Amino acid sequence: MTSHDSHTQPSTQPSGWGSPTPGHISLGGNPGPPEDDRRDSVVTGRAVVSPPDAAAATPAELMPAAADHYALFQDIAGEDLKAWADARSLAAEVLPQINDWWDRGEYPIELIGRLGELDLLTDGLDVPGHRTLSPLATGLVNMELSRIDGSVGTMVGVQGGLALRSIMLLGSEEQKRRWAEPLARGTEYAAFALTEPDHGSDSVSLETVARRDGEHWVLSGQKRWIGNGAGCHLTVVWARVDDPSDEALNGQVSGFLVGQSLPGYEAEVIRGKVALRAIHQAHITMTDVRIPLDQRLPGARSFKDTSKVLFATRAGVAWGALGHALACYESALEHAQKRIQFGRPLAKAQHVQVRLASMLQTLTSMQLHCVRLAELEAAGTIRPEQASLAKVHNTRAAREIASDARDLLGGSGILLENRVVRHRSDIEALHTYEGTDTMQSLIVGRSITGVSAFA
Ligand SMILES: Cc1cc2nc3c(=O)[nH]c(=O)nc-3n(C[C@H](O)[C@H](O)[C@H](O)COP(=O)(O)OP(=O)(O)OC[C@H]3O[C@@H](n4cnc5c(N)ncnc54)[C@H](O)[C@@H]3O)c2cc1C
């Protein structure tokens, strides 16, 4: 299945930016429950509660004391609180339907437009006409969206964090004029294509080539695992330049703006995924895709520039992991208080309390990592290896909490309706993407030893 024959309509624009098929994109799987079973209220754990009113939300409503032992989130106010509450407001729309989407492997792509309407796609970037989220607000949005669902968090990570950021950091003024607004508004959808079938952790060795041919670049190669890579509009493709006329650029990695409906661009949705099932990743094959010379990102002159984009999104993954852990911890706590075994709630068993306390201990350490990262970023002193440490710590910790929560829910823990197992599956993707646990540890290792151990 390719982006041409199944996901995109023919382009009406000469530049080749495609128009995605409206509505959902299905990956197959089991049919969900009937429409009548979907409700307007929010399903949290086993309970159904009314969503908080976003405009009036307080920190205590968004982060109850039982999940904020050091009161790290209780003083959040103003624009930061507003952004956090805006993200939470999506829960009312997403949670009643997410299990169906997830179960069917269906990508509710129009949610990108909703995220844009709520101005949640900019990921801390300074985009004209949009609010600029502080590092704390950016983190809170990442956390809150992943607390709802990992696919929703990943939509922002891909569209705003990676694609829009590449253009805002490395693009020309003209490229920003063309893309900043539709990507921030969510009226067009974009991908960031770095990973290749043979180059994941060592993406620095990527083999996709952009050959200069007169007034065009001609791109050929394959990309794998690309969120929004099929059925969307734009892919920011990272490729190795073949242009002997430019000695400095020749052989270096640069970024290229490639319309997904251009001839030679084929994308197949990756099937059989058991994490982030409500967003699609694609395997892309480019065969002599021809784009004008001015579609190269002028600020991308080597892999170091690519790394600037990757570094900027790393903290977001740490916050996203916190969101997954929170969802699992909250569900476990609620279940322990309600589930009666041996004539008393599980929460009255010493061993269960010790386990919940241990989960809270881990959760609190995750929160401290995140809040400190936001402080360092706000101060302008954050170093890449600091974000790496937080990414490693938090994705590991989220896996632990998710596993414990799954166990505490007993058999119910493997039912989608209790949300823990969805988060437990999704955290596997965060553990790997944007630099695996090991790669991020090697970045930290290099910073403390002064020696690189990658190869
Ligand atoms: C759901 C999902 C979404 C994604 N979205 C995107 C996207 O939108 N755009 C994009 O470009 N990419 C995306 N990726 C790709 C992601 O960034 C890669 O999967 C990741 O970088 C790891 O690459 P790999 O899967 O090829 O694993 P590999 O690099 O093959 O690694 C396999 C294992 O070997 C370990 N390893 C590798 N090298 C070493 C070494 N030198 N020493 C010790 N251990 C090592 C790794 O840590 C890992 O445990 C996505 C991936 C997933 C799963």
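**Helix 11 and what surrounds it**

Modeller: Helix 11 is followed by Gly-410, whose phi is positive, near 60°. Helices here are DSSP runs of H or I with at least four residues, strands are E runs with at least two, and both are numbered from the N terminus. The model is predicted, so I take local features only at pLDDT of at least 70 and side-chain atom pairs only at pLDDT 80 or more, while totals for chains, interfaces and linings use all residues. Residue numbers start from 1 along each chain as its sequence is written.

Start with length. Helix 11 has 25 residues, which at 1.5 Å a residue should span 36 Å. Its end C-alpha atoms are 36 Å apart, so the two agree. The expected span is 1.5 Å times one less than the number of residues.

Now its setting. Helix 11 is largely enclosed by the rest of the structure, because 19 of its 25 residues are buried. Buried means 20 or more other C-beta atoms within 10 Å of the residue's own; 12 or fewer is exposed, in between is partly exposed, and C-beta atoms are placed from the backbone.

Take one residue. Ala-397 sits in helix 11. Ala-397 counts as buried because it has 23 C-beta neighbours inside 10 Å. Leaving out residues up to four places away in sequence, Ala-397 touches Ala-325, Thr-362, Ser-365 and Met-366. Contact means C-beta atoms, placed from the backbone, within 7 Å.

Helix 10 has 30 residues, so at 1.5 Å a residue it should span 44 Å; its end C-alpha atoms are 43 Å apart, which agrees. Its buried residues include Val-352, Leu-356, Met-359, Thr-362, Leu-363 and Met-366. Further along, Gln-367, His-369, Cys-370, Leu-373, Ala-374 and Glu-377 are among them too. An α-helix has 3.6 residues a turn, so residues three or four places apart point the same way. The buried residues of helix 10 pack against helix 6 (135–148), helix 9 (303–338) and helix 11 (384–408). Just after helix 10, Gly-380 has a positive phi of about 75°.

Asp-123 has a phi near 50°. It lies in the loop between helix 5 (111–117) and helix 6. Asp-123 is buried, with 23 other C-beta atoms within 10 Å. Glu-434 has a positive phi near 55° and is likewise a residue other than glycine. Its place is the loop between helix 12 and helix 13. Glu-434 counts as buried, with 23 C-beta neighbours inside 10 Å.

Helix 12 (420–432) and helix 13 (437–449) each supply at least two residues of the shell around the ligand, as do strand 7 (190–193) and strand 9 (216–227). Strand 9 gives the most, with 3 residues. The shell draws at least three residues from each of domain 2 (191–302) and domain 3 (304–449); these bounds come from an automatic or database domain assignment. Thr-195, Gly-200, Ser-201, Thr-436 and Thr-438 come nearest, out of the 20 residues around the ligand.

Strand 7 is covered on both faces. Ala-190 and Phe-192 are buried on one side, Ala-191 and Ala-193 on the other. Strand 7 pairs with strand 10 (residues 234–242) in the parallel sense, over 4 bridges; pairing needs at least two DSSP bridges. Within strand 10, Val-237 is the bridge partner of Ala-193.

Two long-range links complete the tour. Tyr-107, in strand 6 (residues 106–107), lies 4.6 Å from Ala-278, C-alpha to C-alpha, although they are 171 residues apart in sequence. Asp-100 belongs to helix 4 (residues 91–104). Its C-alpha atom is 9.5 Å from that of Glu-417, 317 residues away along the chain.

Of its 455 residues, 50% count as buried. Among contacts between residues at least 6 apart in sequence, 76% join residues at least 24 apart.

Methods
Near = placed C-beta within 6 Å. Contact = placed C-beta atoms within 7 Å.
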